[in-house]
Amino acid sequence: MAKQSTGYTVLQLSLHWLIVLLVLFQLIFGEDMGRYNYFLRSGQDVTPLLTGYYLHVGVGIAVLVLTLFRLGLRLAVGVPPSVPGPTLQVRAGEALHYLFYLMLIVTPITGLLAQYVDMGTFGEIHSANKPVFILLILIHAAAALYHHFVLKDSTLRRMMVPGTR
């Protein structure tokens with residue numbers, strides 16, 4: 001069970017926003033991986049795509065490592081309690097966070113397995129994660145804006161200002 005804290009630390013918030021940026025980078029620029037793998041399988045020259053390949057793999061590994069570090073930090077330092085609200089709303093928010101953590105771990109692992117073990121099976125799983133990520137991001141952003149502008153609670157502010165409950 002994770003400890004509870006009075007607010008997120010600077011490190012926790014920094015990791016959150018760094019991972020956000022890295023995931024957005026992957027979603028925007030990750031399409032070149034499909035071309036790279038197609039070129040590779042068809043015997044074409046992949047040299048022009050190598051920079052994108054190494055960036056995608058490197059950023060994916062960074063997402064995995066930073067996510068694991070963030071989870072460890074969450075267990076060590078804790079997180080503030082959920083903003084009070086209807087039970088279903090609070091549970092949905094918690095479920096969304098667990099799904100994000102699952103995706104942030106499974107997606108880089110399936111990407112690595114696709115590259116180094118079996119492109120077919122793991123590549124399909126890895127590719128299927130993109131629309132799931134986009135959907136989770138849209139739900140997450142919409143919920144944060146709903147909390148901020150409609151409910152007028154501290155949910156969004158505490159992701160921007162360290163120590164905010």
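Guide: A helix here is a DSSP run of H or I with at least four residues, numbered from the N terminus, and its expected span is 1.5 Å times one less than its number of residues. The model is predicted, so local features need pLDDT of at least 70 and side-chain atom pairs count only at pLDDT 80 or more, while totals for chains, interfaces and linings use all residues. Residues are numbered from 1 along each chain as its sequence is written, and side-chain values use heavy atoms, leaving out hydrogens and water.

Visitor: How do you know that the length of helix 3 agrees with its 28 residues?

Guide: At 1.5 Å a residue, helix 3 should span 40 Å, and its end C-alpha atoms are 39 Å apart, so the two agree.

Visitor: What makes the contact of helix 3 with helix 4?

Guide: Contact means heavy atoms within 4.5 Å. Tyr 53, Val 57 and Leu 64 of helix 3 are among the residues that make it, as are Tyr 101, Pro 108 and Leu 112 of helix 4. The contact residues divide into 14 nonpolar, three polar and two charged; Val, Leu, Tyr and Pro count as nonpolar, Arg as charged, and Gly as polar.

Visitor: Why is Lys 152 called exposed?

Guide: Exposed means over 50% relative accessible area, buried under 20%, and partly exposed in between (1.4 Å probe, protein chains only). Lys 152 has a relative accessible area of 65%, so Lys 152 is exposed. This residue is found in the segment after helix 5.

Visitor: What about phi of Lys 152?

Guide: Its phi is near 55 degrees, a positive value in a residue other than glycine.

Terms used: Helices (H or I, at least four residues) and strands (E, at least two) are DSSP runs, numbered from the N terminus.
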